[in-house]
Amino acid sequence: MQTMPQEKTDRTVIRLQDVRRIYKVGVERIHALDGIDLDIRKNEYVAVMGPSGSGKSTLMNILGCLDRCTSGTYELNGRNTTRLSSGGLAHVRNTQIGFVFQSFELLPRLNALKNVELSLIYAAGTTWLSRRTRARETLVRVGLTERVKHRPNQLSGGEKQRVAIARALSNNPSILLADEPTGNLDTKTSEGVMKLFDQLHREGQTIIIVTHEEHVARHAERILQMRDGQIISDERTGPNRVTPPSQEAHHE
Amino acid sequence: MIRLLATPLLFVALLLQSIRLALGQIWANKMRSTLTTIGIVIGVAAVTAVIAALTGLRAKVLKEFETFGTNKIFIIPHWPREGKFRHFNWRHIRFMPKQFENLLERCPSIEDYTLMTERSLTVYHGVQNIEGASINGINPSWHRIENRSVIIGRPFTLMDEEHGWQVCLITPDVRDELRLDRDCIGKRIVVGRRSFEIVGVVEGRVKGGMFGDMGSSKEVFIPFETAWRLWEPWIYAVASCREPELSKEAQAELRFYLRQTRRLGPGDPDTFRLEVIEEYLKSFNKVAMAITAVAGGVVGISLLVGGVGIMNIMLVSVSERTREIGLRKAVGAKPSAILLQFLVEAIVLCLFGGLLGILIGQGMTSMIAKIPNSGLDMAYIPLWAVGLSFGFAATVGVFFGMFPAIKAARLDPIEALRHE
C-alpha cells in the first residue's frame, strides 16, 4: 500500500498516471490507452465520451479493476492496484466498485432481491439477514419498493436497470461505473434512470458514465472526450461539489 | 480476530451458497442432470447390489455356522504328500474305531465326538424307492453334537449301538418320498438289501444355505456299529469342544492323541486332517474378496465413464454460463469462489447420481433377496457401503469437476461479459 499526501487522499478517489494498455494482435500492437493521466475526486460526476474504438471501454475496464494496465500506475483511494493478483483485484471490485452494464446482466434465475445480494455474497462477514436487509434498503434507495421478488423477465427495462444499479450500490462502492446505462432503454425510461444517477450524485456518490449520447452526458458535471486512446478534452460543465453533503464512510 | 473468523465463515457461506446454486442448476436441468449421472448411477447401483448380496451371503453363512455349531472339529483321513506314508496303502490311512476308544479321557477340551460313515444307496419301501439316498452311520452322541431334533419317535441309544441293531432314523423328505405315513414308527425300509426298522424321524438340514445345499436332504441314519459290521466303511469323526475358545487346544489335544493311536513316529507327517468351521469361513471370505475385486473393477470402469460424462456436462455448463461467470467476477467473486461453485456443482451432481444409484441398488437387492434357493434372502446394503458409494461419487465429482471448474475460475471477466 502506498500512502498519498494527506490533503489529496481525502479528495482524490482515482489517480491515473501515464496509463497505457497495449493489446497484441498477431504482430501488431494496438495502443488502446496511450498515456492517460487522470484524477477523479470524490463525488465527481464524470461522463466519458468518444467514438467506438477510442479506448473508453478499456479505460472503464481499467478503472473497474477488471483489467490491468500495461504500464503506468492506477491508484484507487490512494492504493496502487497495478500489482494486485486477480484475487486482490476481485476484492477491490467487491468492496470499492459498482458496475452498471448496458444490458443489465441480471441473473435470470434469481429474483430482484437476490440479484442485488449477489456482490454481498462474496464479501466477508455478511450474514444472510444483513445481506437481505442491505439489499432491501438499496432497492428502496433506487426507488424500487415493489416487485422485489420478481425475476428479471417479469420486470420492465427501467426496473431491470434500477435493480442493476441497486446491485452496484449494495456494497457501498467508492465509484459507480456505468457503461452505456441507457443504451437499451427508450428515451423516457432513460430520463428516469439518469434522474436516479443525479439523485445518487447529490447523495455523494462518485459516478463515471461511459456514453456516446449527448443528452446523457449533459447530466454529468465533467465530460472527458477520448480519441485514439487519449483524452483530448476535459471540461467541467457543472459545479463540482468538493464536500459531499452526507458523510458516508467508504471502507476499503 | 474478526478477520481470522471472517475467512472460514465466508468459505462456509460460499459453500452453502454454492450448494444452493448447484441444486437449483440441477433442478433447472432435470433431464440433462439425470442422463449425465447415469454412469455414476449404474456404477453405484452395481457396487451396492454386489456388496448387499455378499453381505447377505456372509450373514447367511455365519447364521448357518451358528446352527451348525462353531465349536465343531471335523477329523478326516488324509494322505500325506511326502514322507514314508506317501507309499502307504489305504489301510493305513483309514480310521479304525478303536483309534478313538478313549478319546474323551485323553482330550479334556473335547466335550463329545461321534464317528461317522457316509455312503449313497437306494432305499426301498414297497414299490417306492429313492436312488442315491445318503446313508449315515452315527453314534448316539451325534444327537448332542448336531442340533437336529427328533420330531417323531426316539433318538438312537447305546443299546442300538452295542447290539448293532438294524434300526434307522429318517428325514421327513425320505418319509414323504417313500409315501410313508406321517407317523411311520415301526415300519420297515430296505437299505442295501437289508431291512431296517424306523425308530424315529429327525428334522432335515437347514435348507437353502451353503451347507444345506452341499448334502442331500434325503438322509437315513443307522447306528455306527451296524454300518461298521455291514460294510466296514471309511469313517471320519466330528468332535465338539467345550467352548468355541478352546478350539485351538482341542485341536492340539486331538492331534497328539491321534498321532499316538495311529502310531506315528516323531517326524512323520499327520495322516489325518482337522477341520474347523473357521477354515470354511476363511475360504468363503477369499471367494467374497475375489468377487468384490471383480465387481470393483467393473464399477471403476463405469465410474470412469460416468466421470467423463460429468466433465462433459460441466464444460457445457461453464460455457453456457460464461456471462454469469463474468458478472460474478465483476461484482467481486474471486477465482476461488468460482472454482468452488463449479466444483460443488459437479460434486452435487455426482452425489445425486450416487443417491439414485443407491436407490436402484436397494431395488436390485430386494429383487435378489426374492430369488428362491439362492441363499441370498438375507441380502441388505450395509451402512458403510452407502458411505463408500457417496465417497466414491464425491471423489469422481472432485476429480472430473476440477478441470471445468478451473476453466471457469480462469475466465477473463471482460471476455466472459462479452460472450454471447
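Modeller: B:Arg255 and B:Asp270 form a salt bridge, with their closest N and O atoms 2.6 Å apart; the term requires a side-chain nitrogen of Lys or Arg within 4 Å of a carboxyl oxygen of Asp or Glu. The pair links distant parts of the chain, 15 residues apart: B:Arg255 belongs to helix H10 (residues 247–261) of chain B, while B:Asp270 sits in the loop between H10 and strand E10 (272–276) of that chain. Helices (H or I, at least four residues) and strands (E, at least two) are DSSP runs, numbered from the N terminus.

The model is a predicted one, in which local features need pLDDT of at least 70 and side-chain atom pairs count only at pLDDT 80 or more, whereas totals for chains, interfaces and linings use all residues. Residues are numbered from 1 along each chain as its sequence is written, chains are lettered from A and ligands numbered from 1 in the order in which they are written, and side-chain values use heavy atoms, with hydrogens and water left out.

B:Arg255 is partly exposed, with a relative accessible area of 41%, whereas B:Asp270 is buried at 18%. Here buried means under 20% relative accessible area, exposed means over 50%, and partly exposed lies in between (1.4 Å probe, protein chains only). On chain A, salt bridges that share partners join A:Glu44, A:Arg222, A:Asp234 and A:Arg236 into one network.

Over all chains, the count comes to 29 salt bridges. One of them joins the side chains of B:Asp112 and B:Arg144, at 2.6 Å from N to O. B:Asp112 lies in strand E2 (residues 110–125) of chain B and B:Arg144 in helix H6 (residues 142–145) of chain B, so this pair ties together parts that are 32 residues apart in sequence. B:Asp112 is buried, with a relative accessible area of 11%, but B:Arg144 is exposed at 59%. In another bridge, the side chains of B:Glu197 and B:Arg188 meet at 3.9 Å, N to O. B:Glu197 is partly exposed at 29%, and B:Arg188 is partly exposed at 45%.

B:Ser195 lies in strand E7 (residues 194–202) of chain B and is partly exposed, at 30%. B:Ser195 and B:His125 are 70 residues apart in sequence, and their C-alpha atoms are 9.7 Å apart in space. A second pair, B:Pro404 and B:Thr34, is 370 residues apart in sequence and 19 Å apart from C-alpha to C-alpha. B:Pro404 lies in helix H14 (residues 383–409) of chain B and is buried, with a relative accessibility of 0%.

A cavity is a set of points on a 1 Å grid over the protein atoms alone where a 1.4 Å probe fits but cannot get out, and its lining residues have an atom within 4 Å of a point. The count comes to 8 cavities of 30 Å³ or more, and the largest cavity holds about 100 Å³ of space. Grid points are joined across faces, edges and corners, and the volume is the space filled by probe spheres set on the points. Among the residues lining the largest cavity are B:Gln25, B:Arg32, B:Met314 and B:Glu345. Helix H1 (2–28), helix H2 (30–36), helix H11 (277–320) and helix H13 (335–369) of chain B each supply at least two residues of this lining. The lining residues divide into 4 nonpolar, 5 polar and 2 charged; Ala, Val, Leu, Ile, Met, Phe, Trp, Tyr, Cys and Pro count as nonpolar, Asp, Glu, Lys and Arg as charged, and the others, Gly among them, as polar.

A:Asn77, in the loop between strand E4 (71–76) and strand E5 (79–80) of chain A, has a positive phi near 55° and is partly exposed at 27%. A:Arg147, in the loop between helix H5 (128–141) and helix H6 (157–169) of chain A, has a positive phi near 60° and is partly exposed at 33%. Most residues other than glycine have a negative phi.

Notes
1 Å grid on protein atoms, 1.4 Å probe; cavity = no way out; pocket = protein on both sides within 12 Å on 5 of 7 lines; lining within 4 Å.
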